[in-house]
Amino acid sequence: MFDVAKVRKDFPILEEQVYGKRLVYLDNGATTQRPLQVIEKMNEYYLKYNSNVHRGVHFLSNKCTDANEEAREIVRKFIHAGSDKEIIFTRGTTESINLVAFSFGEAFIREGDEILVTEMEHHANIVPWQMLCERKGAVLKVLPFNDKGELDLSQLDTLLTPRVKLVGVAYVSNVLGTVNPVKELIGRAHRIGAKVLVDGAQAVQHIPIDVQALDCDFFVFSGHKLYGPTGVGVLYGKEDLLNRMPPWQGGGEMIKEVHFEKTTYNELPFKFEAGTPDFIGVIGLGEAIRYVESLGLPEIAVYEQQLLDYAMERMRQVPAMRIFGEAIRKSSVLSFALGEIHHSDTGILLDKMGIAVRTGQLCAEPVMQHYGVTGMVRASIGMYNTSEEIDLFCEGLHRVAKMFKLA
């Protein structure tokens with residue numbers, strides 16, 4: 001049994017009030033809250049050990065260096081990577097994708113090559129590839145999805161030509177909640193020689209990940225969506241592939257020897273970690289993963305699925321409700337519209353009731369274009385949410401519908 005009441009005690013912010021109402025936080029897709037354990041661990045290192053990593057021979061530097069590398073090993077085990085050399089720390093999912101777009105692009109993309117993404121991608125998994133195509137004279141192709149929010153795999157064979165060098169796909173859509181068949185996509189892409197980057201930003205906090213079982217070439221995610229700190233993320237890449245890619249940024253740490261005639265680069269993973277890293281953030285990320293693993297990610301997944309199913313059932317009872325994304329495999333995300341009510345109006349009214357949701361294009365404008373809307377309202381579930389909060393949320397939706405005479 002997943003003890004949500006016990007979990008909530010680790011998140012003091014959930015006891016806050018908004019406009020005199022109990023806070024119902026349903027914006028976890030944008031960022032999750034941090035448990036006390038993560039905050040306390042980061043404070044401990046700021047207050048007792050703070051010193052630059054990989055540079056000093058003194059106690060404080062060694063303490064932080066050891067903790068930074070321990071966090072790398074925690075991440076490696078968490079996603080079941082084969083080596084800690086395959087774990088690159090970045091500022092987040094967006095930076096991880098940009099790193100691959102630049103470095104992989106420099107090494108492997110030529111004029112006339114193709115990059116394939118899906119119609120449901122976050123802007124962070126579209127724009128860097130567009131920029132790469134502009135630099136290299138390559139072509140961006142798109143795999144569409146149907147109105148249920150499921151990828152149209154019938155078009156995959158036509159799109160996966162030998163010219164495709166890389167496929168970018170979200171494990172879980174940040175708008176539709178669709179859990180994509182990434183293992184099948186990876187297998188089919190590999191048959192024609194393409195590499196695959198999986199955007200795991202909306203997956204790692206909900207679904208156990210094994211990058212070796214998936215056989216993905218790259219996997220990216222952010223700490224702040226995994227109950228960890230902001231400004232830190234992860235790029236996993238296969239070691240042999242990372243070794244063939246040039247550095248993305250130059251500076252300290254990523255070098256072995258510097259001469260005006262020539263610079264030689266450091267080994268993995270440091271080749272891609274120029275400058276002073278956010279080592280306290282990295283330590284916080286390691287602690288966040290420890291926390292999630294102490295609760296059990298499979299147990300979290302079961303609990304969240306129950307909440308999602310309950311929320312979908314309750315939301316369907318709201319007048320003029322339109323839910324976007326009803327895939328058979330769906331996780332944690334509920335995007336919707338109430339009749340013709342503007343998404344911002346719905347969000348503002350829910351906020352006055354103490355309910356935090358996201359509104360707008362959700363960093364996925366092509367998804368809005370698919371459904372012919374200017375924006376949506378998104379409620380996204382985390383492991384500390386409860387069925388009582390779902391009830392308050394749906395009661396709020398009924399109140400909004402009544403205000404606009406939809407009931």
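Visitor: What makes two rings an aromatic pair here?

Guide: Rings of Phe, Tyr and Trp pair if their centres lie within 6.5 Å. By this rule the predicted model has 13 aromatic pairs.

Visitor: Why is the pair of Phe11 and Tyr291 called edge-to-face?

Guide: Their centres are 6.0 Å apart, with 75° between the planes.

Visitor: How do you know whether Phe11 and Tyr291 are buried or exposed?

Guide: Buried means under 20% relative accessible area. Phe11 has 0%, so it is buried. Tyr291 has 6%, so Tyr291 is buried as well. Across the chain, 56% of the 407 residues count as buried.

Visitor: Let's turn to a charge. What makes you say that Lys63 sits over the ring of Tyr49?

Guide: The charged end of Lys63 is 4.8 Å from the centre of that ring. The rule asks for NZ of Lys within 6 Å of the ring centre and within 35 degrees of the ring normal.

Visitor: Why are His54 and Cys363 called partly exposed?

Guide: The class covers values between the buried limit of 20% and the exposed limit of 50%. His54 is at 25% and Cys363 is at 30%, so both are partly exposed.

Visitor: Which peptide bond is cis, and what is its omega?

Guide: The bond joining Leu268 and Pro269 is cis, with omega about 0°. Pro269 is in the loop between β12 (263-265) and α10.

Visitor: On to the sheet. What makes β14 and β17 partner strands?

Guide: Two strands pair if there are at least two bridges between them. Four bridges join β14 (residues 333-338) to β17 (residues 376-380), so they pair, and they run antiparallel. Phe336 stands opposite Val377 in β17.

Visitor: Why are β13 and β16 said to stand at the edges?

Guide: The four strands form an open sheet in the order β13-β14-β17-β16, with antiparallel pairing. Each of β13 (321-324) and β16 (358-360) has a single partner strand, so one side of each lacks a neighbour in the sheet.

Visitor: Which helices lie across this sheet's strands?

Guide: Helix α11 (residues 297-315) lies across β13 and β14, at about 10° to β14. Helix α14 (residues 387-403) lies across β13, β14 and β17, at about 15° to β14.

Visitor: How do you know that the whole chain is as compact as a globular protein of that length?

Guide: The chain has 14 helices and 17 strands. Its radius of gyration is 22 Å, close to the 22 Å that the globule rule gives for 407 residues, so it is as compact as a globular protein of that length.

Technical notes:
Residues are numbered from 1 along each chain as its sequence is written. This is a predicted model: local features need pLDDT of at least 70, side-chain atom pairs count only at pLDDT 80 or more; totals for chains, interfaces and linings use all residues. Side-chain values use heavy atoms; hydrogens and water are left out. Helices (H or I, at least four residues) and strands (E, at least two) are DSSP runs, numbered from the N terminus. Contact means heavy atoms within 4.5 Å. Axes are lines fitted to C-alpha atoms, for helices over the stretch in contact, and angles run from 0 to 180 degrees between N-to-C directions. Rings of Phe, Tyr and Trp (its six-membered ring) pair if their centres lie within 6.5 Å; planes under 30 degrees apart count as stacked, over 60 as edge-to-face and the rest as tilted. Buried means under 20% relative accessible area, exposed over 50%, partly exposed in between (1.4 Å probe, protein chains only). The radius of gyration is taken over C-alpha atoms; the globule rule is 2.2 Å times the number of residues to the power 0.38.
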